[in-house]
Amino acid sequence: MKMRFAIWTGAIALAIIAASPLAFAQAPASPGGTGSTGSTGSTGQMVPPTGAVEAPKPDPAEEAAYKAFFNIKTSDDKATIKSGEDFIQKYPNSRYREGVYSRLAQAYYFEQNTDKMYANGDKALELNPDNVDVLVLEGWVLPHSYNPQDPDAERKMARAEQYEKHALDLIPKIEKPATMNDADFTKSRDGLTSQAHSGLGLVYFRQGKAEESIAEFKKSIELSGGTDATDYFVMGVEQKQLKKYNDAVDSFDKCAKVPGTPLADRCNAQKDLAKKAAAEAPKP
């Protein structure tokens, strides 16, 4: 099943690229930053710092290939993968490779090829450890693919926690692109924040931290409106463990009502069990 929504800052990145592709890839700056290669002049173009060697002029063919890559519909994962892989093969040292690796990671996720998702995502993070798209994506996928028999399971959960926390620190610093309206920007930012909280909630569930997990799921649901049945289901399980049976009934009920969820039957069954536990629990 696909992620409940695409990585939202992809929309923000596309808005920036549409306005100025070259400025977008000047340097792998932190979200909301202007890069460290110089200051912005009155024309809006990057001015090299004093004594700096002027960057080589961009290759028109490379510029065109990059624009063509980002003009591919985000839903066309196969085309994204082919175009992105071709771009990297032809321009392995491109100034745009971070953005290409980032989008390839997302496309490979939707194609259910997590090995290549991680391979491309890790390359993007090597170039820019503040790549919020990849931090949220990998931090969300790691706890969803958790295997308790994996000798590296604990280390992977620690990495996922680190990624999501770092992303949550960075997201408020993302500046709105001039070509993006306020409503779309807020939706994109809130969607990304919601997904980071969802990933962190599942990390804490894997680590047996029920209270912390529930708190993160609630933050995610508040922003998303409750579009991920898994969040409700896991939260219900934890509330049952904490003997908060009425809360569990509510969570399982909302889980079952998420449109199109394959968890509906399981959620309804768990809701009935939680109701029974609530009726049998000693009265205060």
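Guide: Let's settle a term first: buried means under 20% relative accessible area, exposed means over 50%, and partly exposed is in between, using a 1.4 Å probe and protein chains only. This is a predicted model, where local features need pLDDT of at least 70 and side-chain atom pairs count only at pLDDT 80 or more, while totals for chains, interfaces and linings use all residues. Residues are numbered from 1 along each chain as its sequence is written, and side-chain values use heavy atoms, leaving out hydrogens and water.

Visitor: Is Lys 78 buried or exposed?

Guide: Lys 78 pairs up with Glu 111 in a salt bridge, that is, a side-chain nitrogen of Lys or Arg within 4 Å of a carboxyl oxygen of Asp or Glu. The relative accessible area of Lys 78 is 58%, so this residue is exposed.

Visitor: How many residues apart are Glu 138 and Arg 159 in sequence?

Guide: Their side chains meet in a salt bridge, 3.6 Å from N to O. Helices here are DSSP runs (H or I, at least four residues), numbered from the N terminus. Glu 138 sits in helix 7 and Arg 159 in helix 8, so the bridge ties together parts whose separation is 21 residues.

Visitor: Which helix holds both Glu 216 and Lys 219?

Guide: These two also form a salt bridge, at 3.8 Å from N to O. Glu 216 is buried at 9% relative accessibility, whereas Lys 219 is partly exposed at 39%. They're three residues apart, about one turn, and both lie in helix 10.

Visitor: How many salt bridges are there by this rule?

Guide: Some are linked up: Asp 253, Lys 257 and Lys 271 form a network. By the same rule, the count of salt bridges comes to 13.

Definitions and conventions:
Helices (H or I, at least four residues) and strands (E, at least two) are DSSP runs, numbered from the N terminus.
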